[in-house]
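Here is a short report for a first look at this protein. It starts with the overall build, then turns to strand pairing and the ligand.

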Amino acid sequence: MNILESTVKVQHTSQSRLHQVDMNHIPFGKIFSDHMVVAHYRNGKWEQPEIVPYGPLALTPAVSSLNYGQSVFEGMKAFRSIDGEPLLFRPQENFRRINRSAARLCMPQIPEDLFMDSLRELIRLDEKWIPTKEQGSLYIRPLYFATDEFIGVKASESYVLTMFTCPVGPYYSEPVSLLASKEFIRAAIGGTGAAKAAGNYASAMLPDKLAKAKGYNNVLWLDAQHHHYVEECGTMNIFFVIDGVVITPSLTGTILQGITRNSALKVLRQSGYQVEERPISIYEVQAAYYDGRLQEAFGAGTAATISHIAKIGFAGEDMILPEVEDRKVGPWLGGKLERIKFGIDEDPYGWVVKA
Ligand SMILES: Cc1ncc(COP(=O)(O)O)c(C=O)c1O
């Protein structure tokens, strides 16, 4: 605690906005809690992080992140245990990933204590913003971007790391439909697919909009070289269950290394499921579908934990997957991970930490 207090400077809001929020009806991604972290990297070093009231940052249009996209981010959540205790799920993994993303975008590494102390202090300060289990969770967005006021194309020399939070409702997602197409790609080998870089999401917006116009929820990305190996969805890694075997694409450098994906693999393996991490082509999925061997498909990500996939469109045809009630792996896994996150089930992995 002493370390926290001495390393993060806090400026409290004069008036909390918490009373304005109906925690039982939270609009997604639009309500932000009282405080945010701001840490500057300038003159070759990190300055003391500050927590200030949530609000605008002063930026000019010349800042390099706005012009050239030198910007990376993270997505994580704080949960309230059934005993009311604030919990975080594997925050160290988000810290490691933002630094891997930063390295790929030629940005300085963030010191671990700066990231973790700021995060903990922010959650401690806005603890009342964490909804109860029934109401949802508190989404946390660390965002790290270049701030040089310079329009030459080069890595910035100054940066801001900010963290802000946003209560979100429980994720009762309907099963989703995905469109696999050869028209667009998300990431190529040697590119930034494994980084959580802002630009990856910008380039996905047009394909996503076109998929939605055709009645699908999201794109199912195929690899850039052959256009047939399945990669991932918009904000989720993908899993298939074929003949009782759980298969997920291996990490080739083009896929985001999801923390939910990694957690799912551990829990499944430990529970005796046969799991394969390997390249899987959309034609293999299609063949399994037509042979009646494609039992399940689900996405894994922080937003929904596990999202069941109802339908996959490819080459003008739809693969319609079994009803969720008739599935075994996805529903079991989703429930198990949720119970670990909320501190209901025992956590033998040490993933859940007090906020
Ligand atoms: C492209 C992409 N893939 C996969 C994921 C799932 O990652 P995680 O489980 O760490 O949320 C995300 C979400 O962060 C994502 O944006």
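## Overall build

The protein has nine helices and 18 strands. Helices (H or I, at least four residues) and strands (E, at least two) are DSSP runs, numbered from the N terminus. The radius of gyration, taken over C-alpha atoms, is 21 Å, close to the 20 Å that the globule rule gives for 355 residues, so the protein is as compact as a globular protein of that length. That rule is 2.2 Å times the number of residues to the power 0.38.

This is a predicted model: local features need pLDDT of at least 70, side-chain atom pairs count only at pLDDT 80 or more, and totals for chains, interfaces and linings use all residues. Residues are numbered from 1 along each chain as its sequence is written.

## Strand pairing

Strand E4 (residues 50–53) pairs with strand E1 (residues 9–10) in the parallel sense, over two bridges. Strand E2 (residues 35–42) also pairs with E4, in the antiparallel sense over four bridges. Pairing requires at least two bridges found by DSSP. Ile 51 in E4 stands opposite Val 10. Val 37 stands opposite Ile 51 too.

## Around the ligand

The ligand is surrounded by 13 residues, the closest being Gly 258, Ile 259, Thr 260, Gly 301 and Thr 302. H7 supplies the largest share, three residues.

Definitions and conventions:
A residue is near a molecule or strand if its C-beta atom, placed from the backbone, lies within 6 Å of it.
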